[in-house]
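Have the viewer open while you read.

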Amino acid sequence: MRRLLAWLGLAAGALAFWRWRNRHRAAPAPAAAVDPAEELKQKLAESRSDEPTAEAAGDPDEPEPSLDERRRAVHDKARQAMDDMLGGEGLPGEETD
């Protein structure tokens, strides 16, 4: 009985090995198609060429506001939004005279 089980185990192992070996041999080699990195580079180049240039977007005669002016405008806009949301009276951090 032990010999029969040993032969059955050996046959099952050999069959499993044979199927595993054939499966890996028959697997097709990966196709050397288009490289995904190259494809993305092409898309990026196309999207950049479609964008308008920075010179065409702005008025060249008008000077850009300074950093402090832009910062002050952003803070004023935020304060106005807070005043609108909270009612505008007695907000924390405001100086009262």
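## The aromatic pair

First off, keep in mind that this is a predicted model. There's one aromatic pair in the structure. The rings belong to phenylalanine 17 and tryptophan 20, with centres 6.1 Å apart and planes at 35°, so the pair counts as tilted.

How buried or exposed are they? Phenylalanine 17 comes out as partly exposed, at 49% relative accessibility, and tryptophan 20 is partly exposed too, with a relative accessible area of 44%. Exposed would take over 50%.

## A nonpolar patch

Over on the surface, Met1, Leu4, Leu5 and Leu8 make up a nonpolar patch, and together they have about 480 Å² of accessible area. Methionine 1 lies in the segment before α1. With a relative accessible area of 74%, methionine 1 is exposed.

## Helix α4 and what follows

Helix α4 covers residues 67–86, 20 residues in total. From first C-alpha to last, α4 reaches 29 Å, close to the 28 Å expected at 1.5 Å a residue.

What comes after α4? Glycine 87 follows, and its phi is positive, near 105°.

Terms used
Residues numbered from 1 in each chain as written. Predicted model: local features only at pLDDT ≥ 70, side-chain atom pairs only at ≥ 80, totals over all residues. Heavy atoms only, no water. Phe/Tyr/Trp six-rings, centres within 6.5 Å; stacked < 30°, edge-to-face > 60°. Buried < 20%, exposed > 50% of the residue type's maximum accessible area, 1.4 Å probe, protein only. Patch = residues over 30% accessible without salt bridge, like charges linked within 9 Å, V, L, I, M, F, W, Y side chains within 5 Å. Areas by Shrake-Rupley, 256 points an atom, 1.4 Å probe, with all protein chains shown as cover. Salt bridge = Lys/Arg side-chain N within 4 Å of Asp/Glu carboxyl O. Helix = DSSP H or I, 4+ residues; strand = E, 2+ residues; numbered from the N terminus. Expected span 1.5 Å × (residues − 1).
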